[in-house]
Amino acid sequence: MCLPANYKNPNCIFATMQLLDGKVAAAAIKEKLQHAVNERLLAGKKTPHLAAILVGNNGASETYVASKVKNCAEVGFKSSLIRLPLEVTEAELLAEIALLNQNTAIDGILVQLPLPKHIDDSKIIAAIVPAKDVDGFHAVSVGRMVQGLDSFIPATPYGIMLLLEYFGVATTGKHAVVIGRSNIVGRPMSILLSSHHPQGNCTVTLCHSKTPNLESFTQQADIVVAALGKPGFLTHSMVKPGAVVIDVGITRVTDATKKSGFSIKGDVDFDGVAPKCSWITPVPGGVGLMTIGALLMNTLKAAEGLDSAR
Ligand code: NAP
């Protein structure tokens, strides 16, 4: 499924830069998943089934969950959306997860984050049985990933690895700088990029809000992954010529020119940085689409069982 390293997006507006186009790569993943579903059905196996729990009605969470449900349908998966009110108690949410854990019709469970403040995220994540942990946030999944064992990998860093693979971006021996150390993006990203993997084998520097003189690290980086949630943070002067730049940021910024009243901004000043890059992801149309593709890959893995969804 890899394209040659010199793949050139025809829509690219810069002479030297190539776009890491999430639409193209995610479409290829979805085609592979549709094929896998058909194969399963021919073999008399069940359709993969994802259960998503949404607490409250946060606008961004509604959008993400709706997109996950829609993408499940597009690849032939079943999905169940369980909506719970904002006031749901932690005990009630745990009881819902216990039911889904026991339900043999359900292969994967995800709880859309963030949860309301009165609910402890870590307790909820720990309650999901590891075999159905398609978000890859459970300590068992994280531990297996760190040890290089077959595991569910958090969808955003997994999606980035799939994007690098799809476009044949070389990573071995490169210096990667990851900005952000969250459990869902930055930290697992740093582990994957440093792992024994064709899209790993990097020397990794993990930066965060307490890193002094952060640009001194990004200026040396062959690969920069920006995952901090600060729109336009990574600018032209912070990037080395020829760098690969991955923009994870998704921030809703007020925009009166849009019908919705907001536009989506990444953590990279795309117009300033792109002319210096060898490869760069757009926002939107980059990492976000790959995140959903990776979640679906994890759901297939859950249906097939670890070590066998290849
Ligand atoms: P998070 O939990 O808020 O973590 C942000 C990280 O960035 C923290 O480690 C923080 O450092 C660091 N940081 C904040 N300000 C910084 C600064 N000025 N300099 C250096 N580091 C700084 O966020 P997250 O969940 O990882 O998400 C990050 C962004 O990615 C958000 O925009 C989010 O919406 C987006 N996202 C996108 C996808 C996708 O599919 N594209 C998926 C998930 C998240 P400390 O640890 O020191 O506080």
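Analyst: One term to begin with: contact means heavy atoms within 4.5 Å. Also, this is a predicted model.

User: Where is glutamine 220 in the chain?
Analyst: Glutamine 220 sits in the loop between α8 (214–218) and β7.

User: Why does glutamine 220 count as partly exposed?
Analyst: Because its relative accessibility is 48%. Partly exposed covers the range between the 20% limit for buried and the 50% limit for exposed.

User: What does its side chain reach?
Analyst: The side chain of glutamine 220 reaches the backbone oxygen of serine 216, at 3.0 Å.

User: And what separates glutamine 220 from alanine 91?
Analyst: Their C-alpha atoms are 48 Å apart. Along the chain, the two are 129 residues apart.

User: New topic: sheets. What order do the three strands of the open sheet follow?
Analyst: The order is β3-β2-β4, and the pairing is parallel. From one strand to the next, the twist averages 15 degrees.

User: Which helix packs on that sheet?
Analyst: Helix α3, residues 90–102. Helix α3 touches β2, β3 and β4. Its direction makes about 175 degrees with that of β2.

User: How many bridges are there between β2 and β3?
Analyst: Seven, with β2 covering residues 49–55 and the two strands paired in the parallel sense. For isoleucine 53, the bridge partner in β3 is isoleucine 82.

User: What about the loop between α1 and β2, which residue is found there?
Analyst: Threonine 47 is found in that loop, where α1 spans 22–42.

User: Is threonine 47 buried or exposed?
Analyst: Buried, because its relative accessible area is 18% and the cut-off for buried is under 20%. Beyond its neighbours within four places in sequence, threonine 47 is in contact with Leu41, Gly76, Phe77, Lys78 and Asp107.

User: Switching to β8. How many of its residues are buried?
Analyst: Five of its five residues, so by the under-20% cut-off strand β8 (residues 243–247) is mostly covered.

User: Which way do they point?
Analyst: Ala243, Val245 and Asp247 point one way from β8. Val244 and Ile246 point the other way. In a regular strand, side chains alternate between the two faces of the sheet.

User: Which strands does β8 pair with?
Analyst: Strand β7 (residues 223–226) is joined to β8 by four bridges, running parallel. Strand β11 (residues 277–280) is joined to β8 by three bridges, also parallel.

User: Which residues are bridge partners there?
Analyst: Valine 225 has isoleucine 246 of β8 as its bridge partner. Alanine 243 has cysteine 277 of β11.

User: Now the ligand. Which residues come nearest?
Analyst: Of the 22 residues around the ligand, the nearest are Arg181, Ser182, Ser209, Ile250 and Thr291.

User: Serine 209: how far is its polar side-chain atom from an oxygen atom of the ligand?
Analyst: 2.5 Å. For isoleucine 250, a polar backbone atom is 3.0 Å from an oxygen atom of the ligand. For valine 248, a backbone N or O atom lies 3.2 Å from a ligand nitrogen atom.

User: How much of the ligand does the protein bury?
Analyst: The protein buries 71% of the 920 Å² that the ligand exposes when taken alone.

Key. Residues numbered from 1 in each chain as written. Predicted model: local features only at pLDDT ≥ 70, side-chain atom pairs only at ≥ 80, totals over all residues. Heavy atoms only, no water. Pairing = 2+ DSSP bridges. Axes fitted to C-alpha atoms, helices over the stretch in contact; angles between N-to-C directions. Buried < 20%, exposed > 50% of the residue type's maximum accessible area, 1.4 Å probe, protein only. Near = heavy atom within 4 Å. Polar contact = N/O pair within 3.5 Å; in protein donor to acceptor, adjacent residues only side chain to side chain. Areas by Shrake-Rupley, 256 points an atom, 1.4 Å probe, with all protein chains shown as cover.
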